[in-house]
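Hi everyone, thanks for making time this morning. Let me put the sequence and the model on the screen, and then I'll walk you through a few places in it.

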Amino acid sequence: MPADSTQIHNIGYRHYDGPRLGRAYATRSLFSQSLRGAYGLGRSAKSKVLPMILFGVMCAPALIMVAVAVATKANDLPIDYTRYAIVLQAVISLYLAAQAPQTVSRDLRFQTVPLYFSRPIDRVDYVRAKFAALSSALFILTAAPLIVLYVGALLAKLDFADQTKGFAQGLVSVALLSVLFSGIALVISAVTPRRGFGIAAVIAVLTISYGAVSTVQAIAHEQGSSEAISWLGLFSPITLIDGLQTAFLGATSAFPGKEGPSAGAGVVYVVVVLALIAGSYAALLRRYRKAGL
Amino acid sequence: MTVIATESLSKRYPRVTALDRLSMDIGPGVTGLVGANGAGKSTLIKILLGLSPATEGRAAVLGLDVATSGGEIRERVGYMPEHDCLPPDVSATEFVVHMARMSGLPPAAARERTADTLRHVGLYEERYRPIGGYSTGMKQRVKLAQALVHDPQLVFLDEPTNGLDPVGRDEMLALIRRVHTDFGISVLVTSHLLGELERTCDHVVVVDGGKLLRSSSTTDFTQTTTTLAVEVTDSDEHPDGTGALRKALHGLGVDTQDDGGGLPGAGHTVLLEAAGEETYDLVRDVVADLGLGLVRMEQRRHHIAEVFRTKDAESTEDETAETAADGAQGRAASERAAAWAANTAKTATTAAAEQTGGGSDAR
Ligand SMILES: Nc1ncnc2c1ncn2[C@@H]1O[C@H](COP(=O)(O)OP(=O)(O)OP(=O)(O)O)[C@@H](O)[C@H]1O
Ligand SMILES: [Mg+2]
């Protein structure tokens, strides 16, 4: 009998007797794959370009500030740890607009979701893995420049206790920011799976809400109603973080006239932030209830 | 052993009843689930995967209740959806490795099994290229590979021949057959073409409008109704070879028929019922004794569709689900017959070649 190609290659089927690590392992694998994917790792060279550039842009100002502080023997950093992400919010929005759709829309657009759910993991595992992955990616983006600042501050021999406290407050702030922003961006991306639409929608929601809030705040500032300014901050993600850190994390508000919320109003900020995070999670779970079925 | 069992299983959507009191038992092997568009095939698979709750009734897969043990079932089964499900910008290898890990395989095992599985489904060098550039046939193979990569005990293949040309279709069906015979994995495969599952499946379940129309072993009826078509050459001794063969067979007490199809050359074909291997031997010997050339001897299988049609006409209300046990017997018989036919065909061509001195006109 002539040996045709299938026989040359056919060395027989082998069964798999090794371990099957189950749901938790699969969820962790999905998390790490998504986290790496958020920086283009394990994907094409092209998909690494944007996240890496944005990472560089995010860290560059911190490096410059540190260099200046060390060179001029300054006795303080030119920026608060808590302020850094607020100032560079445009970079954060761009990063999310590019990577949130990448994280969830591809699976929806290419109908890969049913393949995940035909395996041991369920939608709760899937949503948690994706949410955690994008939050971690964003935390890496926002915490890295703070680490640069902190290391620089120590090299410049600035007050250790002061710097450590500021750094810790900054980390708490960007951690909250990362979870809040990721949740919002993931929900938007999950309901707009079409190519390009998710990117536009994320940019629009983040920048338009900020633009509207700061415009109205500016008007309120003109009219001298400082009370209104602090409540208006509840209506956009970045001003929520600003208000929260002003009330509890020793930050100076970026609101007009530095009119951040008092500790009382700050509680409302915390509640709203937590409600938005929980709401995003619930909305994502809902989104995947019928996915592919 | 029962692989899939359902009991009065129903699924009702607000406007349609997708499954209507479906009760059946499916044993190991390749089972075809046949039905028209909207018959409820995909709905049944989703219920069996524990992804969609049944409205009524019960179902068990590999002895596990779908309502309570979905996770355990999904660890042991594979699923190939009917729709596209592949991201175009990654390679087959990357994709299948990822899916293997999603099934719980450790990283090294996932890579090893991926390489093995892609080879088994017939993807070689192309597996390193992005899936976006694959043909439909290659994509179907990747979809099959991701369903097999974790070495499941059972796979659900939802319309795996969708979009394939006749050759691709045959290759896919042969591959599905191998999934059971070579890999030892039971298969539930859906199609809306009754005919194409005939040769692939051990057992066929027909659903229509969510109702079980029939569940029986394929070989059951294709075997019992096998007709043998024989064509012979003429010789100087027997100017009418066909007539001589007919006469000789009659002499031995074997009934023959004309090919009533009215096709060209129909008068030269002798039809007889094949009772078993003896019939093949008998025909071969008779032809040899007469000194005729055997042009052709083949099984004429009835199309499953016809069989169902006639059987359904006889007993429309007969919705009993037979067990797969008798299917296994039938299969053994049919495999024997097929092997035999292959042998005989070889003998036949040799014989024909001898008789006609060259055999260029022997088919
Ligand atoms: N999520 C759903 N909501 C409402 N109706 C549904 C839903 N899913 C399926 N159906 C309906 O249930 C019936 C069975 O659908 P199903 O997809 O199981 O059929 P099928 O046999 O797989 O058909 P096809 O050959 O087209 O794939 C159809 O009438 C379909 O419209
Ligand atoms: Mg279907």
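**A walk through the model**

Let's begin in chain B, where B:R21 sits in strand β2 (residues 17–26); strands here are DSSP runs of E with at least two residues, helices are runs of H or I with at least four, and both are numbered from the N terminus. Before going on, some housekeeping: this is a predicted model, in which local features need pLDDT of at least 70 and side-chain atom pairs count only at pLDDT 80 or more, while totals for chains, interfaces and linings use all residues. Residues are numbered from 1 along each chain as its sequence is written, chains are lettered from A and ligands numbered from 1 in the order in which they are written, and side-chain values use heavy atoms, with hydrogens and water left out.

Back to B:R21: its phi is near 45 degrees, a positive value in a residue other than glycine. Most residues other than glycine have a negative phi. B:R21 is exposed, at a relative accessible area of 52% (exposed is over 50%, buried under 20%, partly exposed in between, with a 1.4 Å probe and protein chains only).

Now for chain A as a whole. How many helices and strands does chain A have? There are 12 helices and zero strands. Its C-alpha atoms fill a box of roughly 90 × 45 × 30 Å along the principal axes, and of its 293 residues, 48% are buried.

Next, the rings. Over all chains, a search of the whole structure turns up nine aromatic pairs, meaning rings of Phe, Tyr and Trp (its six-membered ring) with centres within 6.5 Å; planes under 30 degrees apart are stacked, over 60 edge-to-face, and the rest tilted. One of them, A:Y150 with A:F167, is stacked, at 4.3 Å centre to centre and 5 degrees between the planes. This pair links distant parts of the chain: A:Y150 belongs to helix α7 (residues 123–155) and A:F167 to helix α8 (residues 160–191), 17 residues apart. A:Y150 is buried at 13% relative accessible area, and A:F167 is buried at 13% as well. Elsewhere, ring pairs join A:Y116, A:F117, A:Y126 and A:Y288 into a cluster.

Last stop, ligand 1 in its shell. Which residues come nearest to ligand 1? Of the 13 around it (each with a heavy atom within 4 Å), they are B:G38, B:K41, B:S42, B:T43 and B:E82. Helix α1 (residues 41–48) of chain B gives the largest share of the shell, three residues.

There are polar contacts too, that is, pairs of N or O atoms within 3.5 Å. A polar side-chain atom of B:S42 is 2.7 Å from an oxygen atom of ligand 1. For B:N37, an N or O atom of the side chain lies 3.1 Å from a ligand oxygen, while B:A39 brings a polar backbone atom to 3.1 Å from an oxygen of ligand 1. Taken alone, ligand 1 exposes 630 Å², and the protein buries 66% of that (areas by the Shrake-Rupley method with a 1.4 Å probe).

Definitions and conventions
Polar contact = N/O pair within 3.5 Å; in protein donor to acceptor, adjacent residues only side chain to side chain.
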